[in-house]
Amino acid sequence: MRTALQLTNKGYRAKPLTRKYIRKKSGKLRPLSIPTVFDRAMQTLHSLVLGPIESAPGDKTSFGFKPYRSTKDAYAYLHLCLSKKVSPEWIVEGDIKACFDEISHNWILDNIPMDKRILKEFLKAGYIENYHLFPTEKGTPQGGPISPIIGNMSLNGLENALAMRFYSRSDGTIDKSHQNRHKVNYVRFADDLVVTADSPETALEIIDVIQAFLDPRGLKLSEEKTLVTNISEGFNFLGWNFRKYKGKLLPKPSKDSQKEVLKKIRDVLHKAKAWDQDRLIQTLNPIIRGWAQYHNHAVSSAIFNKLDEIVYNMLISWAKRRHSNKGFTWITTKYWHKSGKRKYVFCTELQTLERFSNARIVKQRLASLNKNPFIDKEYFEQWKFIEYHRKKCITSPNFVLN
């Protein structure tokens with residue numbers, strides 16, 4: 001309590017951050033700078049105020065780090081933009097190079113509406129690595145509570161920049177509904193962004209607009225990872241592959257996402273040679289259930305069945321390693337039993353292994369983009385309640401969202 005009462009701006013000095021590294025999907029290392037508990041509490045207090053400020057004028061199609069918004073909302077909006085016959089066929093996959101590590105401190109100090117001295121303390125605290133203190137001259141440290149909000153505020157305005165270029169009338173006013181001749185639609189989650197276009201020429205022009213927007217912030221698009229793709233070839237976004245097959249949009253879990261979940265399961269099985277079946281099931285169920293629920297709104301049924309078959313073969317191999325002198329029939333009789341109408345279920349008397357295909361495919365619906373998560377809380381609470389019961393196939397109460 002004494003420490004909590006010291007959380008004031010008066011005399012505040014931020015301590016250096018601890019530098020840690022986590023491995024990215026590409027194999028490279030992502031640097032994390034972790035503040036002390038006291039500094040995290042101080043940043044959290046300021047983030048509680050900055051969050052609503054960021055959300056009010058922020059991009060409506062930015063879905064990251066906001067209450068009641070998620071990756072599934074970004075999926076639903078992108079699905080709306082691409083699913084029709086007249087939808088745009090060209091995609092700009094934007095990748096900002098080291099976004100959080102490269103944001104200009106001068107731009108942050110000039111544009112983030114908070115106490116400049118405290119903000120400077122957050123940005124200039126430095127970090128400790130191998131018992132050496134290093135200064136921080138740019139970027140906002142990944143690992144701090146306030147960094148996602150600063151990142152969002154740095155990228156807010158890109159939607160308006162695209163609108164000024166592609167939706168504006170001759171008098172300078174923006175009319176997206178009637179003037180979007182180039183079929184430009186923008187969606188962002190954190191620093192991952194996608195923009196649609198009607199032609200490769202428009203796509204290249206969009207890249208120029210984005211880079212011109214990023215230049216004052218000290219950011220750059222990655223030349224290697226910023227791509228212009230046709231929807232018939234498909235592109236990956238937030239773990240899904242969006243692609244049209246014979247003119248029909250069929251978003252599916254991406255191959256990288258499938259490989260990642262199988263690697264997690266394989267790593268568990270390699271460690272579990274001496275585990276009993278109950279412990280193995282208890283460890284695998286959250287992995288399988290979580291991944292299936294993340295993808296249960298996409299076109300995932302065939303992939304779920306394929307993954308179930310792969311996991312079955314992996315479990316057979318696990319059981320054979322445990323009982324190398326036993327035959328296939330003995331192994332399946334010991335570990336696979338009848339459960340309900342199913343004959344071969346990997347289970348014990350206490351637990352049953354989840355299957356990817358147990359997840360029901362439920363269409364994801366998009367909440368209104370004109371509602372503010374910090375102001376229209378009642379709307380989002382009702383929306384959340386209705387969506388929960390819709391997905392659980394329970395009749396919702398008879399009330400309508402305002």
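Guide: Here come a few labels and the values behind them. This is a predicted model, where local features need pLDDT of at least 70, side-chain atom pairs count only at pLDDT 80 or more, and totals for chains, interfaces and linings use all residues. Residues are numbered from 1 along each chain as its sequence is written, and side-chain values use heavy atoms, leaving out hydrogens and water.

Visitor: Why is Lys66 called buried?

Guide: Buried means under 20% relative accessible area, exposed over 50%, partly exposed in between (1.4 Å probe, protein chains only). Lys66 has 9% relative accessibility, so it counts as buried.

Visitor: Where does Lys66 lie?

Guide: Lys66 sits in the loop between helix 1 (37-55) and helix 2 (71-82); helices are DSSP runs of H or I with at least four residues, strands are runs of E with at least two, and both are numbered from the N terminus.

Visitor: Which residues is Lys66 in contact with, leaving aside its neighbours within four places in sequence?

Guide: Contact means heavy atoms within 4.5 Å, and for Lys66 the list is Glu54, Ser55, Asp59 and Asn152. Its side chain also reaches the backbone oxygen of Asp59 at 3.4 Å.

Visitor: What puts the buried residues of helix 7 on the same side?

Guide: In helix 7 (residues 158-166), the buried ones are Leu158, Glu159, Leu162, Ala163 and Phe166. They cover an arc of only 145° around the axis, so they are on the same side of helix 7. That arc is taken from the directions from the helix axis to the C-beta atoms.

Methods. Polar contact = N/O pair within 3.5 Å; in protein donor to acceptor, adjacent residues only side chain to side chain.
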